[in-house]
Structures are given as structure tokens and as C-alpha cells.
Amino acid sequence: MEIEKRINNILKSISNKNFLIACSGGPDSVFLAIMTHYLYPENNHHLVYFNHQLRPNEITNEINLIQELGQKLTMKVHIKDLEFKEKNQAIFREKRQEGLIKLATELNLKDIILGHHLDDDIETFVMQFLKGSTTNLRGIPHKTNIHNIEFHHPLLSITKDEIMTYLNSNKISFCIDSSNKSTTYKRNQIRRTIECVQKKHAMNKVKLKNSFNYLKLIENEKKKEAQELFKKSIKINNHHFFKKSDLNNSDKTMYIIKVLIEQNFNSYVNHDHLKKITNGLQSNNKKIIKLDNCIIQIDYKWVQIFQEVQKHESFKLNLGINQFTFGTCVSTTLTTSLNSNHDRLCINIKDLKKIEITSIQQSSLVTGKFKKKLRESNISPIEQEFYPVIQTYNEVLWIPNVYFKESKGKTIITFNSNVK
């Protein structure tokens, strides 16, 4: 049959044909379970039902139906209870995703299949469109990798009507989730609107799908370019540094930056954010742009993206290797004395106990007289947040490649930066 062929075209591309199937007992997931068994009857599949504990009058019927379905299809059934501090669809999706990944890992399964179909894809596209999305304006992806687990949507070419026709003509039982009728949820509101448009304008969902596929193709290309840009970044702790010279500030580059942030930092970039980023790339002054889940800092030299503020604490230096937040200080004692210069600090060993290392930004001693030296040495405002200064309680002894106080000693301190 044509419908089986379309599903198999997706499933056959998956190397491992043992699947974890998310099954709510509704028509879509029941149909998916039956199709999977029909196409790969000899494989070891699992069904999982998540009890949201929201519809007590329906849960028992759903669990009973899934238990019977699992027995009929020779699939092991897993019933998982979910608990929520907050109750909204975003939290529900997050908890289900966590539960799916955990169970798949326990079962040593690498592939999870979900019952979202073409109608769901259209609804998601419309919701993204109304939200003002650009890089995420592509509905539901066929495949997503999360923590080395592949999530697949093999029914995206199948309409809801096709699913219902198949189930009803074959007298296959399923449950109806009463919450799907509630207008409280935005998706249900969108669904009603789409149904009205379809009736009035004879909308062809399959033709509309062609437009989605084109948008997905474009986004996949941009994702690849974004990942190539991401590979060029310097990562230290949770901070990513991009050389501003690698970004040409064209419309294409800005789009790639948007994709990069949304894909790697889970932070939505709207039009206003994008305008601020554009202005930041055009300016030599330091700019700070705060998104939902990350912060972007831009100066004349760097674009820095991070999710947590790095704490730069002052600490005493010891002989040996001292790891600084964004570099390494090495202290050693020689048999002869040397003079300090821009590349090294030379002191007596007794003075080692008197000095500390901190960042330029954290130091209260790096005042106006050092600013010109910092500019001449090309130490940008972003670098000053982590670039080291070695000092006593009342004077600066050494800023690598920037300043040194004339001194002499057998204890030699050098610094190697992680950001170059």
C-alpha cells in the first residue's frame, strides 16, 4: 500500500530498526506502532506511555489499550508517571523528552519514533510563523539528535485524515484525549483556525508540505554553515569566542549567527536582538546583548557568547603551574637572576607570598594610566575581563605583554593565554 511505502522510506534510512515508540493511546501513535510492527515485525520494539496525571477519567482506558496493543504487537510496554511543579505544554514536552532519553538509554536503544503527522507539521509551522520566527520557520524536523539519541518523525508525509481512514477501515481501537478539544492551549486554537481556512479555501496540505520541505532544505544549509562557524570558535569553560574579523556583517552572516545561537545556545534571537548584534559588529565600542538563555558581548576584536557569568577570583600564586580562568601561569626558580620584561616577571622567592593574580577588570589598581598601554597592546575590553594582572596590595608588578615594573630575581613567572 502507498501509505506503508511512504513510512518505510523514512524508517529504512535508520540503521538500527529497534525502536522506542512514544504511545499515548491516541490514533496517531497507535497507527505508528501498527505500521512499525507491519514493516519490521521481527525487531525488538518498545512502547512507552507517559502518565501526566491530568485526566484521571481517561488514564485507565489509555493504559489498558496500550497494554493490549503491546501484547498484540509483541512489544514490551513501559508506563511512566510524570510529576510537574508547573503545568503547561512546554514543561510537559520537556519532561516527556527527559523520560524518553532516560528510558532509551536504559534499554540501550538509539532511536525514538514519534507520531507527529503532516497536520501537526502545518500547525507547528503556523505557530512559528505567528511567533515571528525566521531560522526556526520549518515546522517539525524529520530527525533531531539529543544527547546521542535520535528522535524521528516518520509520519510527516501522512495526513490526519489518512490515519483516521486507515484505523476506522481496519476497526482498530484508539483513545481520544479530551484536552485536544480545549481552547486553552494555543495549538488547539491554531488547529481550529487551520480547519476553517481549509474548508473555506480548499487548502491542499500535501502541496503546502512542498513549501515546508524547501524551507527545511534552506535551514539545513544554514545550519551547516553555522556549525562551521561554531567550529572556529575558541571555547573556554562555558564561553565561546569568535574573532570579529571572521564575521563580515552581511545579511547572510547575520542569519548564520542567528542560527548558530538558536541551535547551540537554545536562545531565541528576534528582530530587535539581530539589530543590536548588527550594530555591535559595526561598532568598535563594547556592546552587551542579553537573550533568554545567553549573553553576547561584542567589542572591536571579539564576539563572546556565554550562558553563565564567569567569576574571576583573585588568588595567591605558588611555585609550579597555576591555572587561571583563561590561561596558565607557570612559576619556577632558576639558579641565576633575570630581569623582568613584557614576557616574564622576575622576583625573589620571598616576594612570591606577597603577590596575587586577578583579572584586569577585577583589579582596582589598573587605573587610567594603564588604559593607553592596554590599547597599544591590543588588549580589548572583552579580553580585560579575563586577562591577568599580577600585583601586590598596592602596586601592579606585571601585565603580560603590556606592562612590567622593573625588578630582578630568580623566581620566573610566565603566562600562556588560552585565547589567541
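Lys231 and Glu228 are three residues apart in helix H8, and are therefore separated by about one helical turn. An α-helix has 3.6 residues a turn, so residues three or four places apart point the same way. The side chains of Lys231 and Glu228 form a salt bridge with an N to O distance of 3.3 Å, where a salt bridge is defined as a side-chain nitrogen of Lys or Arg within 4 Å of a carboxyl oxygen of Asp or Glu. Lys231 is exposed, with a relative accessibility of 62%, whereas Glu228 is partly exposed at 45%; buried stands for under 20% relative accessible area, exposed for over 50%, and partly exposed for what lies in between, with a 1.4 Å probe and protein chains only.

The model is predicted, so that local features need a pLDDT of at least 70 and side-chain atom pairs count only at pLDDT 80 or more, while totals for chains, interfaces and linings use all residues. Residues are numbered from 1 along each chain as its sequence is written, and side-chain values use heavy atoms, with hydrogens and water left out. Helices (H or I, at least four residues) and strands (E, at least two) are DSSP runs, numbered from the N terminus.

| Salt bridge | Closest N and O atoms |
|---|---|
| Arg6 and Glu162 | 2.9 Å |
| Glu383 and Lys301 | 3.2 Å |

The pair of Arg6 and Glu162 forms a salt bridge that links distant parts of the chain, since Arg6 belongs to helix H1 (residues 2–11) and Glu162 to helix H6 (residues 160–169), 156 residues apart. Glu162 is partly exposed, at a relative accessible area of 26%.

Glu383 pairs with Lys301 in a salt bridge. Glu383 sits in the loop between helix H11 (368–376) and strand S17 (388–391), and Lys301 in the loop between S10 and S11, so the pair ties together parts that are 82 residues apart in sequence. Glu383 is buried at 6% relative accessibility, while Lys301, with a relative accessible area of 23%, is partly exposed.

Helix H9 (residues 251–264) has 14 residues, and at 1.5 Å a residue it should span 20 Å, which agrees with the 20 Å between its end C-alpha atoms; the expected span is 1.5 Å times one less than the number of residues. The buried residues of H9 include Thr253, Met254, Lys258 and Glu262. Among the elements that cover the buried residues of H9 are helix H8 (205–231), helix H10 (271–282) and strand S8 (239–243). After H9 comes Asn266, with a positive phi near 50°.

Five strands form an open sheet in the order S12-S16-S17-S18-S19, with antiparallel pairing. Strand S12 (315–316) and strand S19 (403–404) are at the edges with a single partner strand each, so one side of each is left without a neighbour in the sheet. S12 pairs with strand S16 (residues 356–359) in the antiparallel sense over two bridges, a pairing being counted if DSSP finds at least two bridges, and Phe315 has Ile357 in S16 as its bridge partner.

His78 belongs to strand S3 (residues 76–81) and is buried, with a relative accessible area of 11%. The side chains of His78 and His46 are joined by a polar contact of 2.9 Å, that is, a pair of N or O atoms within 3.5 Å, where within protein one must be able to donate a hydrogen and the other to accept it, and residues adjacent in sequence count only if both atoms are side-chain atoms. Leaving aside neighbours within four places in sequence, His78 is in contact (heavy atoms within 4.5 Å) with residues including His46, Tyr49 and Leu103.
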